[in-house]
Amino acid sequence: MAIVKMTEFSLFAFDSEKENLLHELQKFEYVHFLDLEQDEDLTEMGLRSVKVPENLVAVDEDISRVNAGIDILSKYHHKESGLKAMRTGLSNYTFEELEEKASEIDYMPIYQNVRELWRKREGFKGEKDKSRLTIEELKPWKTLDIPISYLENLQEAVLYIGTIPVNLQEMLVENLSGYENTHYEVVGEDKDNAYIVAISYGDEAENVKENLRNASFAKVVLKGENKPSEEIEILEEKIKLLDDEIEVMDKALEEATINLSDLEITYEYLNNKKLRIAAAENFLVTDQVNVIKGFVPTERKDEFEEKLKATLGNIYYLQTNDARKEDRNTPILLDNSGFVKPFESLTEMYALPRYDEIDPTPLLAPFYLIFFGMMAADVGYGVIMLLGTFLVLKYFNLKEKTKAFIKFFYYLSFSVLIWGFLYGSIFGGIIPLKGVFEPATDYNTLLILSIIFGFIQIYYGLALKAYIAIRDKKYKDALYDVGFWYIALTGAIVYLLNMVIDLPEIAKTISFYVMIGGMVGIVVTGGREATGAVGKVGGGLYSLYGITGYVGDFVSYSRLMALGLAGGFIAGAVNMMAGMVADKGPIGFVAAIVIFIFGQTFNLGLSFLGAYVHSIRLIFVEFFSKFYEGGGQKFKDFRSKPKYINLR
Amino acid sequence: MGATEFMVSLTQADGGVFFAALGASVAVFLSGMGSALGIGIVGQAAAGLVIEEPEKFGRSLVLQLLPGTQGLYGFVIGLLVLGRLNVGMGALEGLYILAACLPIGFVGWISGIAQGKAAAAGISILARNEEQSTKGIIYAVMVETYALLAFVVSLILLNAVSF
């Protein structure tokens with residue numbers, strides 16, 4: 001369906017042409033290289049692999065420098081406010097434009113300037129922090145009226161300067177008061193500590209020290225020369241000067257942000273260059289020749305060959321052939337048109353198809369659309385989602401991926417709207433609307449409808465399995481693995497229906513035997529791959545046991561009705577709460593509006609989240625398990641993923 | 001008094017409003033407990049993540065919300081019971097309503113916690129490989145299937161029999 005056909009190529013080209021060739025191929029974009037290191041046929045022939053291509057280290061260094069510059073400058077860059085920024089979005093470049101622009105930029109002076117400014121700024125800031133810390137340390141000693149240098153130069157006396165816990169202060173004061181040649185002062189006090197200065201002379205010094213130690217004395221070293229209060233003033237003066245310096249640097253850096261976009265362009269350019277150089281790791285080489293293997297989309301094969309001819313002249317050897325179906329290395333590129341395209345993210349989330357499988361995206365999209373709407377069903381929510389996504393798509397310049405995501409919800413909103421009308425629900429019934437179903441009473445109808453959707457999807461999944469088997473000419477598998485299941489399931493369903501509604505007796509009998517027939521078929525063929533009679537019977541019975549899984553599958557679809565109902569009821573409950581306060585004067589009315597808006601917004605988010613993931617579950621678990629395995633590799637085009645620009 | 005006589009006496013007694021109210025309470029408080037515990041578990045895990053990477057707050061909030069639905073299902077069932085309450089309700093009807101509330105009450109309670117644990121593990125996917133974090137959401141949602149089934153059964157039981 002929509003897996004892009006691939007052409008495998010082997011290219012032999014001279015090493016001297018390598019750089020030029022890779023450059024041209026990067027312009028071409030749609031090339032996926034195979035890593036040849038594991039290719040034993042070639043390595044045994046004496047071809048070597050390239051470990052770390054030269055220049056790679058240099059480019060890496062360039063990139064890390066540019067990155068550092070961007071990191072610094074983006075701190076100073078005044079970003080436009082959210083909405084406006086989204087409107088402008090990222091600038092668009094083609095690859096050629098990017099290269100041309102990048103060639104005009106010499107990033108080194110920009111980087112050096114920014115780094116130097118930043119280094120200075122950080123230096124000033126470090127000094128400022130240090131001064132702050134010193135001030136904090138000195139603050140408690142502010143009332144100490146002696147220059148600090150004085151304290152250090154005592155000859156005969158011993159000085160003790162430090163803190164003790166507040167609760168021990170009384171004891172210490174009592175103990176010290178007995179000494180004659182000792183002077184002490186409690187300079188200050190805060191929540192935890194008392195700040196003590198004691199000066200002692202002669203024999204007493206040791207005793208005083210002992211007393212202090214008993215009071216958990218912790219010594220403090222004061223920094224500076226002058227009196228603490230003067231010292232603080234000096235430091236504060238210094239901080240002011242430093243602040244000025246920092247401001248100057250900040251200004252300069254802010255001015256330098258005009259170069260930010262240049263650095264960003266360079267960043268993108270260098271990353272592409274790096275990719276180009278690193279691509280050589282995939283190749284094998286002899287002394288002069290590079291062996292390159294990879295894939296190009298078949299529709300671009302001619303373009304690819306022309307490109308090679310133009311670049312290499314006639315001195316190359318190229319061999320191409322259609323990619324083999326069973327080759328696990330064939331990369332997968334999905335190509336779906338308009339409506340289906342946004343649903344590719346779901347396929348990718350599960351696993352890309354293998355090259356011999358089918359692309360399930362167009363198959364799952366209609367189901368997903370219906371399921372999502374049924375679970376979120378509300379006209380009000382649908383309108384909000386439709387308007388929101390429509391405006392974003394119309395007025396905002398978005399990245400490719402974001403755009404697809406918004407488009408996804410844009411399509412889904414129609415389904416939400418339609419189901420909202422079917423359920424007759426506008427914001428959980430704030431405006432009366434006659435729907436086709438009345439969820440509160442018709443839940444049985446909805447439950448049956450949900451199971452019918454499940455029935456359709458599961459039968460469809462089985463049909464796809466049969467289609468794949470028939471396409472691969474495995475007709476027996478189609479009969480054994482799908483045909484018998486159809487027979488058994490259909491028989492069982494009709495037979496069970498007998499219990500609910502009255503069918504003619506004959507229908508009951510026929511359906512019973514049809515079911516038994518199908519089951520016998522499953523038991524007989526289910527174990528055909530096992531060896532030995534016991535294995536075959538066991539395998540067959542085990543296959544039949546799989547019918548319990550189908551019961552679970554069908555029941556699982558009841559979530560379609562349950563989530564729709566729960567969302568409706570919660571919205572109704574919000575309206576009820578708002579209604580309770582609405583008629584209680586103007587304050588009540590305002591409160592009602594607040595409750596309504598908050599409650600409905602909350603429920604809207606919850607409904608959409610629930611619908612999003614539960615639809616995914618039904619697709620992944622119930623649908624995919626019938627026919628889809630996945631496990632293909634993604635086609636990696638020869639471009640680096642841009643971060644700051646849109647690259648077309 | 002034999003069992004039959006007891007049942008007969010129940011059909012005649014009134015005061016079922018007590019049992020019905022008990023049913024509403026059970027539906028709301030058990031499932032609410034489960035959701036509260038579940039959201040708490042995820043919240044703890046998410047708080048650790050946001051320290052380092054505050055920009056992932058939005059996505060972590062989605063994961064944290066997931067175990068919250070059980071409480072809402074219980075709340076809806078509780079509201080539906082509320083709509084049926086009346087003072088003269090028969091005892092049998094009251095007991096029936098109580099029974100109908102049990103599935104969402106108990107399943108909501110346990111699955112809320114279990115989903116919380118699964119979603120907390122999803123937070124670590126978000127921490128290490130953001131692109132794959134939707135898969136963490138899906139794992140957590142698998143748990144919710146059973147809360148949904150319980151909700152459906154409670155809902156059907158509530159509406160299936162009229163007295």
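These are legends for a set of close-up views of a predicted model.

Local features are quoted where pLDDT is at least 70 and side-chain atom pairs count at pLDDT 80 or more, whereas totals for chains, interfaces and linings use all residues. Residues are numbered from 1 along each chain as its sequence is written, and chains are lettered from A, with ligands numbered from 1, in the order in which they are written.

**View 1. Domains of chain A.** Chain A splits into domain 1 (6–50 + 283–332), domain 2 (146–226), domain 3 (342–441 + 561–627) and domain 4 (474–555). The bounds come from an automatic or database domain assignment. Between the C-alpha centres of domain 3 and domain 4 of chain A there are 37 Å.

**View 2. Strands E1 and E11 of chain A side by side.** Strand E1 (residues 6–14) and E11(A) run antiparallel and are joined by seven bridges. Helices (H or I, at least four residues) and strands (E, at least two) are DSSP runs numbered from the N terminus, and two strands pair if DSSP finds at least two bridges between them. Look for Phe9(A), whose bridge partner in E11(A) is Thr320(A). Strand E11 covers residues 316–322, and zero of its seven residues are buried, so it lies largely in the open. Here buried means 20 or more other C-beta atoms within 10 Å of the residue's own, exposed means 12 or fewer, and partly exposed is in between, with C-beta atoms placed from the backbone.

View 3. Axes are lines fitted to C-alpha atoms, for helices over the stretch in contact, and angles run from 0 to 180 degrees between N-to-C directions.

**View 4. Two positive phi values in chain A.** Most residues other than glycine have a negative phi. Glu29(A) has a positive one, near 75 degrees, and sits in the loop between helix H1 (18–28) and strand E2 (32–33). It has 13 C-beta neighbours inside 10 Å, so Glu29(A) counts as partly exposed. Phe427(A), also not a glycine, has a positive phi of about 45 degrees. Its loop runs between helix H16 (400–423) and helix H17 (443–471) of chain A. Phe427(A) counts as buried because 22 C-beta neighbours lie inside 10 Å.

**View 5. Where chain A meets chain B.** On this interface, 19 residues of chain A are in contact with 20 residues of chain B. Contact means that the C-beta atoms of two residues, placed from the backbone, lie within 7 Å. Helices H21 (547–556), H22 (558–582) and H23 (585–627) of chain A are the elements giving two or more residues to the chain A side. H22(A) gives the most, with eight residues. By class, the chain A side has 13 nonpolar, four polar and two charged residues. Nonpolar covers Ala, Val, Leu, Ile, Met, Phe, Trp, Tyr, Cys and Pro; charged covers Asp, Glu, Lys and Arg; the others, Gly among them, are polar.

**View 6. Helices H3 and H6 of chain B.** Helix H3 (residues 57–65) and helix H6 (residues 133–160) of chain B pack at an angle of about 10 degrees, their axes 10 Å apart. H3(B) and H6(B) are therefore roughly parallel (angles under 35 degrees count as roughly parallel, over 145 as roughly antiparallel, 65 to 115 as roughly perpendicular and the rest as oblique). Arg59(B), Val62(B) and Leu63(B) in H3(B) meet Ser133(B), Gly136(B), Ile137(B) and Ala140(B) in H6(B).

**View 7. Leu158 of chain B.** Leu158(B) belongs to helix H6 of chain B and counts as buried, with 21 C-beta neighbours inside 10 Å. Leaving out residues up to four places away in sequence, Leu158(B) touches Ile77(B), Leu80(B), Val81(B), Ile97(B) and Ala100(B).
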